[in-house]
Amino acid sequence: MNDTWFQILGALPPLLVALSVIGLFVTLCIARHERLVYAMTVGGLNLALVATIALIPLGPVAVTPLYIVDFYTLFFWGVILVATLACAAFAMPYLSGFNDRREEFYILLATSALGAMSLVAARHFGSLFVGLEALSIPLYGMVAYTFRTRASLEAGFKYMILSGVASAFLLFGMALLYGATGSLAFTNLIPAGGYDADAGPWMLMGIGMMLVALTFKLSLVPFHVWTPDVYEGAPAPVATFLATVSKTAVFALLLRLFVSAPITDNAWLLTLVGVLALASMLIGNLLALRQDNLKRLLGYSSIAHLGYLLTTLVAGASLSIEAVAVYLATYVGTSLGAFGVVSLVSSPFAGKDAAHIDHFRGLYYKRPVLAVSMAIMMLSLAGIPLTMGFIGKFYILSVTMASGLWWLTGGVIVGSGIALFYYLRVMAILFMDRPAHAREPQLSGTGDNWAQTVVWLLAAATILMGIYPAPLIDLAAVAGITLGS
Amino acid sequence: MEPAVQHTVVIWPLILFLVAALGLVTVMLGLSYVLGGRHDNRLGNQPYESGIKPTGSARTKFSAKFYLVAIIFVLFDLEIVFIFSWAISARDLGWVGYEAFLTFLFDLTLGFAYAWKIGALDWSPRAPRQLRLDAIESNQQRNLPSEQTS
């Protein structure tokens with residue numbers, strides 16, 4: 001019985017989120033009150049965040065054979081919860097002009113965050129699949145939430161159908177691996193001939209199919225085609241969620257799979273992953289060059305960033321996990337800020353999002369702080385020193401160089417060089433003369449101040465972490481040690 | 001007995017069945033293709049509706065409500081699958097399983113209450129009276145001269 005309570009304690013953060021989802025349903029069955037629903041969502045997520053921090057001294061807890069709550073899990077739970085809170089803050093002013101039911105958005109948001117949390121803690125195919133579906137299915141609804149706009153509905157359909165195909169690949173891959181090893185737990189996926197033996201063709205096919213599904217969710221290159229369309233069509237806060245929470249959770253899972261499953265230690269597989277990484281960073285950056293839509297541009301840039309991240313899987317150095325934790329945290333913070341500005345300029349909701357780059361021309365003269373925040377985010381995405389993007393990129397380069405992967409190092413450098421062009425182009429446009437026909441960004445009142453504060457805080461954090469990254473690096477180092485051991 | 005021999009013993013009727021089925025279909029379609037008559041005129045391509053001329057397009061509008069109700073039906077119907085699978089092993093699962101199952105049922109009922117509350121189970125989207133009032137209101141908005149509204 002004592003052990004049961006210990007497990008419940010370990011799973012407290014996701015349980016709190018789940019309870020707040022159930023509470024939201026009960027509330028909506030009784031009465032519709034947007035403020036109350038918003039407060040419950042944010043309250044639940046904040047409580048979960050507090051619980052996550054409080055669990056740090058507890059040490060690894062195995063919650064049933066399905067989940068493991070170690071420091072690695074807690075670190076990414078923290079990232080996911082912070083990003084979800086920011087998305088909720090952006091969604092509030094964005095939806096304030098939406099003349100339909102607004103409350104359900106927060107249910108979908110919290111459910112999706114719950115799936116992401118399950119994914120990060122998964123160490124078994126069962127929890128992997130449940131987590132991935134709980135992350136994705138609410139996202140279909142969120143992408144198509146403003147379904148009266150054609151683009152949003154179209155994006156929802158595209159995401160749903162392609163995601164369904166990816167899930168089918170995932171299940172088939174799991175089935176093949178189960179057939180070959182007779183186990184669903186990550187650590188038991190051992191090649192038939194023992195730890196050092198080569199994986200047979202069935203196992204390679206299984207892990208390859210799983211890789212198809214996971215790289216689809218991460219929008220890496222052969223499976224990236226949906227990304228710009230969905231980012232463009234989705235409401236800005238949802239695009240934020242897709243670019244941050246969804247990517248973080250799936251990548252954290254992929255890393256845990258690669259670190260703990262013995263069959264992933266295969267030269268052929270690692271070369272394949274390296275090729276995917278190289279293709280993602282080059283093609284993502286090249287396609288971003290000629291984009292005039294800021295959301296599409298950020299979509300392509302996220303493809304490139306995930307490509308940089310993937311190099312750490314190939315490297316398999318002792319620093320890899322720490323590098324992933326640092327890079328994902330910096331990438332999430334920066335993306336939240338960039339998408340947050342897009343979301344704020346797009347709101348209040350009026351037809352399509354104001355994501356075309358013309359709407360941002362001369363933003364500095366209308367909303368100076370917002371424009372400066374955007375400029376800082378662009379610098380951070382480009383990896384300029386004194387922003388936290390630089391710290392992440394530094395880690396990636398040191399990992400690839402430490403393991404002697406010079407072709408990937410070259411890819412990261414060339415990709416970053418190309419990326420500089422379009423990030424700086426966006427920056428320059430923010431400070432140009434404002435054209436007469438640009439849509440006026442305006443304060444809509446409710447919740448807008450909160451969202452602005454979040455953007456300012458993110459900008460401040462980007463600079464602070466760039467100058468003094470020690471706390472983040474310490475946290476990431478502990479996360480790396482717990483997973484690596 | 002060797003495993004390979006067992007396999008052939010089990011599988012040959014299946015292969016025979018497959019060949020027979022494919023052959024039957026090929027013969028039926030092939031014969032009617034070779035021996036059958038041809039008529040390519042316009043009337044010949046019309047569907048035969050017991051002598052009545054077909055009218056209108058086949059693509060008529062259906063109410064999206066059918067879809068919604070079907071989805072809700074599938075959702076709550078599938079719940080029975082879970083109830084059965086729990087019921088078979090209820091004794092082995094014990095009280096922990098019972099608690100988990102009650103949680104599941106509670107969440108499901110909550111979903112049902114929610115669907116009811118938002119009117120997903122109503123056949124017509126809104127009360128007819130409200131619909132009429134809305135129509136009148138929107139007509140008034142369209143017809144009013146702009147100086148009166150401003």
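## Contact between helices α2 and α5 of chain A

In this predicted model, helix α2(A) meets helix α5(A) through a set of residues on each side. On the α2(A) side these are P13(A), P14(A), V17(A), A18(A), S20(A), V21(A), L24(A) and F25(A). Their counterparts in α5(A) are Y106(A), I107(A), A110(A), T111(A), A113(A), L114(A), M117(A) and S118(A). By class, the residues of this contact comprise 13 nonpolar, 3 polar and no charged.

## Geometry of the helix pair

Two packed helices are described by the angle between their axes and the distance between the axes. Here, helix α2 of chain A covers residues 12-30 and helix α5 of chain A covers residues 104-121; their axes come within 9 Å and cross at roughly 160 degrees. Because angles over 145 degrees count as roughly antiparallel, α2(A) is roughly antiparallel to α5(A). The crossing of α2(A) past α5(A) is left-handed.

## Annotated regions of chain B

For chain B, an unreviewed UniProt entry places the feature "transmembrane region" at residues 12-35, 66-89 and 95-116. In the model, residues 12-35 of chain B are 100% helix and 0% strand, with the end C-alpha atoms 34 Å apart. Residues 95-116 of chain B are likewise 100% helix and 0% strand, and the end C-alpha atoms of this span lie 31 Å apart.

## Contact between the chains

How many residues of chain A are in contact with chain B? There are 5 residues of chain A in contact with 5 residues of chain B. The side of chain A that touches chain B consists of 5 nonpolar, no polar and no charged residues.

Notes:
Residues numbered from 1 in each chain as written. Chains lettered and ligands numbered in written order. Predicted model: local features only at pLDDT ≥ 70, side-chain atom pairs only at ≥ 80, totals over all residues. UniProt positions renumbered as here; feature names shortened; annotations may be inferred. Helix = DSSP H or I, 4+ residues; strand = E, 2+ residues; numbered from the N terminus. Axes fitted to C-alpha atoms, helices over the stretch in contact; angles between N-to-C directions. Parallel < 35°, antiparallel > 145°, perpendicular 65-115°, else oblique. Left-handed = near helix turned anticlockwise from the far one by under 90°. Contact = placed C-beta atoms within 7 Å. Nonpolar A, V, L, I, M, F, W, Y, C, P; charged D, E, K, R; others polar.
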